[in-house]
Amino acid sequence: MNTVDPQHDPVDRTRFPADPWRLVEADYRVEDLGTAETLFALGNGYLGMRGNPEEGRDAHTHGTFINGFHETWDIKHAEEAYGFAKTGQTIVNAPDSKLIKLYVDDEPLLMSTADLQDYERSVDFRDGQLRRRLIWRTPSGKRVCVTTSRMISFTERHLALMTYDVEMLEGDAPIVISSQILNRQDGIDEYHQTSEAMGEGFDPRKAAKFAGRVLEPQGHWHSERGRIIMGYRCAKSGMTLAVGADHTIETDNEVEELISTEDDLAKKVFRIHATKGQPVRITKSVAYHSSRGVPARELFDRCRRTLDRVRESSIEAFQDAQRDWLETFWRNADIEIPDNVEVQQAVRWNLFQLAQASARSDQMGVSAKGVTGSGYEGHYFWDTEVYVLPFLAYTMPSVARNLLRFRANILPKARERAREMAQRGALFPWRTINGDEASAYYAAGTAQYHIDADIAFAVMKYVRATGDEDFLRRDGVAILVETARMWADLGFWRFNGEGSFHIHGVTGPDEYTTVVNNNLFTNVMARHNLEGAVEAVRHLEESAPDEFARIARRLDLEPAEVDEWEACAEHMFVPYDDTLGVHPQDEHFLERELWDLASTPPDKRPLLLHYHPLVIYRFQVLKQADVVLALFLQGDRFTAEEKKADFDYYDPITTGDSTLSAVVQSIIASEVGYPEMALRYFLSGLFVDLADTHHNTSDGAHIASTGGVWSALVFGFGGMRDYQGRITFDPRLPEQWPSLAFPITLCGNRIRVHIDQDAITFRSEGEAAVTVGVRGERYAVEPGEEVRVPLDGQGPRLPSLEGTIPVIGGKRADGTIITAGVPDPLLDAEDQLLPGGPDHPRET
């Protein structure tokens, strides 16, 4: 049975037909170029290319990105203050090597104006290739078949491969194919028009615009065999880059070849006397290498070595290796949802984005947009640890380790930042590329101290999922110790009888409420961080005393510190309101007026684009799940009754203005018994990019949301939990789905989980037994064996919540009535009050 109603399918299936293993575009359109460029972008975690047409035009935003390759700039604050972020960092648009222009009878192929008699573009999740086939009727009436392919290698981190095939179907014609490498970052396009360099949709507000030149030429070179190499250095950051390309041509037609290089443009041109039925194939192999400061000439040599390997082998060999790599990826990560091709396609597209964003990041972070766009300036946030790393820990643990190594590498800078913020330990930057804090708005940036606990959470999740004690000793324990030190120093004790530990002046995940006292999410995650540090230190002290002694000396660790962390965790203040029976998002959250979302005009959403932050901060209204996210990540610390009460309160006032929200709401809705809401939220998260539901997919894919899709399936509908390293299941399969199947890897052993309406089945494909829990019972799954556990239903099934106001008319602990309103200066004062005055709240 379909869960996507054809009448309400958010995707236009006449243009994007459902296919379980491919994203297919059957009709070329110009009105949403930016979205399509993101959907068809390719990447491997290091190198990414947007889905721009080979011919260069038309494009919304051109983009070729290298993870971590950035320029720096001085942040100018209107009013300076001590500790404000000083150095901005922005991902640089690397030289564009996708460009392959075609002229037939000296008429260019321009996608926006071409008479296309046939067209299909697709990205295949099984081989990672972007393909396009079209038949173009030229202005002179000749028919030309153009077939292209593009691939960014998962096995060769620095390599991209392209093919461009042309065949005259009717008539002969002179053809010119101009393969180029173009530095768009510094303001030229292939026609030397500055305004068109980055594409018609480029918005300098979304990626910092530089006053001067960014990429300084460091030399260019070409050979008569068709190889081109160009080098650059970022003007301020000093990072260096080289890009090289090899070209070959296969045809029986007569060909003349030309080649040239300049500072910002290199060309390999083929002039062909094309005859009907005689195909032409151009193969372009491209290598990108970057460094924090190695001279570009050294990178030239690295490009040569990468290209030599392709020349010595064949493009087909690398395509085969790509297919093998992805076969392994899908064996470890695929989620199967039968009888629903639309959902299956969307799930695989989301999982494919996770591979493209992380696989070869190789000790770099995963930015908010991966390598699909310049949104958020290529910065790394908490998204990686909370939304992406759980997927990697259970499917690609070596990649998860690499991502955590990035945090370990910037730990020295995190220590420096803590000193600057008058704290002990380490404080990781809220947003960064190079390890320096780059958030210019501290209230919704630096104040999100919870990033320390999020990183510690990821360390513990990875170690427990993999059993990687080596990582714990080498890097993990240092992160846990330094973040625990920060929390113990940031918080303070209050005594009224028994002492309690409080954390003030912080911001939680919900950026519609900032700089508060005792944010619940922050406090419970800090508690988990402190407990994890205590557990790790004492575990190493007992299991590896000699190694621990060296670690203690290196970290200057004293036993009294560990005891202090334990006490802070044990007495952490967790706000709770007995009157309403819910956990306040922060100590004073419930004192505010509720924002009446039902009465908010649609043209005022999202709120952050239509109201000053100070207006939003005065209300009970959420950009994204905050308490509800804590219920998921720290679910073993809350009762079932508390989870339902909190969800009932916060869900109606959560706007969903953040793409991070729907997937988490789906997970908790599944757990507490709202199956229809859970499925609705899941589908909302599933199609964030494919349906461009937030109208900003053109900036790049929402990578954290794609990780959340995996979590919503595995933790939500699959009911898996991994608290304290114990794997348990309590499934919540939607009644519309016949089954759900997925693999997880536990300490190197892969098990396959299959859930249907009547049972959950585990099949081990590893070499050691794996113990799992199902609704309170423990089961050992032996190697090669299958264990089937009958299920008595799929949990509680309650009717969905209605309305957008949780407690109108309810009273706070001090006896005052909770009211709701919408800030609007055009309304009369009496309209802003509730009907009948303060004693008679408005009912909804």
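**Loops, helices and a strand**

Me: Where is the place of Asn518?
Reply: Asn518 belongs to a loop. Helices (H or I, at least four residues) and strands (E, at least two) are DSSP runs, numbered from the N terminus. Named that way, the loop is the one between E20 and H10.

Me: What kind of model is this?
Reply: Residues are numbered from 1 along each chain as its sequence is written, and side-chain values use heavy atoms, leaving out hydrogens and water. Local features need pLDDT of at least 70 and side-chain atom pairs count only at pLDDT 80 or more, while totals for chains, interfaces and linings use all residues, because this is a predicted model.

Me: Is Asn518 buried or exposed?
Reply: Its backbone is worth a glance too: phi of Asn518 is near 55°, a positive value in a residue other than glycine. On accessibility, buried means under 20% relative accessible area, exposed over 50% and partly exposed in between (1.4 Å probe, protein chains only). Asn518 has 0% relative accessibility, so it counts as buried.

Me: What is the relative accessible area of Asp105?
Reply: Asp105 is placed in the loop between strand E6 (100-104) and strand E7 (107-108). This residue is not a glycine, yet has a positive phi of about 55°. Asp105 is partly exposed, because its relative accessible area is 24%.

Me: How do the axes of H5 and H8 run, roughly parallel or roughly antiparallel?
Reply: For helix H5 (residues 383-395) and helix H8 (residues 450-466), the axes come within 10 Å and cross at roughly 10°. Angles under 35 degrees count as roughly parallel, over 145 as roughly antiparallel, 65 to 115 as roughly perpendicular and the rest as oblique. Therefore H5 and H8 are roughly parallel.

Me: By class, how many nonpolar residues does the contact of H5 with H8 have?
Reply: With contact meaning heavy atoms within 4.5 Å, H5 residues including Val386, Leu389 and Tyr394 meet H8 residues including Ile455, Phe457 and Tyr462. Ala, Val, Leu, Ile, Met, Phe, Trp, Tyr, Cys and Pro count as nonpolar, Asp, Glu, Lys and Arg as charged, and the others, Gly among them, as polar. Next to one polar and three charged residues, the nonpolar count in this contact is 10.

Me: How far apart are the end C-alpha atoms of H12?
Reply: The expected span of a helix is 1.5 Å times one less than its number of residues. Helix H12 (residues 559-570) has 12 residues, so it should span 16 Å, and that agrees with the distance between its end C-alpha atoms, 17 Å.

Me: Within what arc do the buried residues of H12 fall?
Reply: Glu561, Val562, Trp565, Cys568 and Ala569 are buried in H12. They pack against helix H9 (469-490), strand E19 (492-496), strand E20 (498-502) and helix H10 (520-543), while the face turned away carries the exposed Pro559, Ala560 and Glu570. The arc is that of the directions from the helix axis to the C-beta atoms. The buried residues of H12 line one face because, seen down the axis, they fall within an arc of 120°.

Me: Which residues are exposed on the other side of H11?
Reply: Helix H11 (residues 545-555) has Phe548, Ile551, Ala552 and Leu555 buried. Those residues cover an arc of only 100° around the axis, so they sit on the same side of H11. Their cover includes helix H7 (411-420), H9 and H10. Exposed on the other side of H11 are Asp546 and Arg553.

Me: How far apart in space are Leu42 and Ser153?
Reply: Leu42 lies in strand E2 (residues 42-43) and counts as buried because its relative accessibility is 1%. Leaving aside residues up to four places away in sequence, it touches Val123, Leu130 and Ile152, among others. Leu42 and Ser153 are 111 residues apart in sequence, and their C-alpha to C-alpha distance is 9.5 Å.

Me: What is omega for the peptide bond that joins Arg605 and Pro606?
Reply: Pro606 is placed in the loop between strand E21 (593-595) and helix H13 (613-617). The bond joining Arg605 and Pro606 is cis, with omega about -10°.

Definitions and conventions: Axes fitted to C-alpha atoms, helices over the stretch in contact; angles between N-to-C directions.
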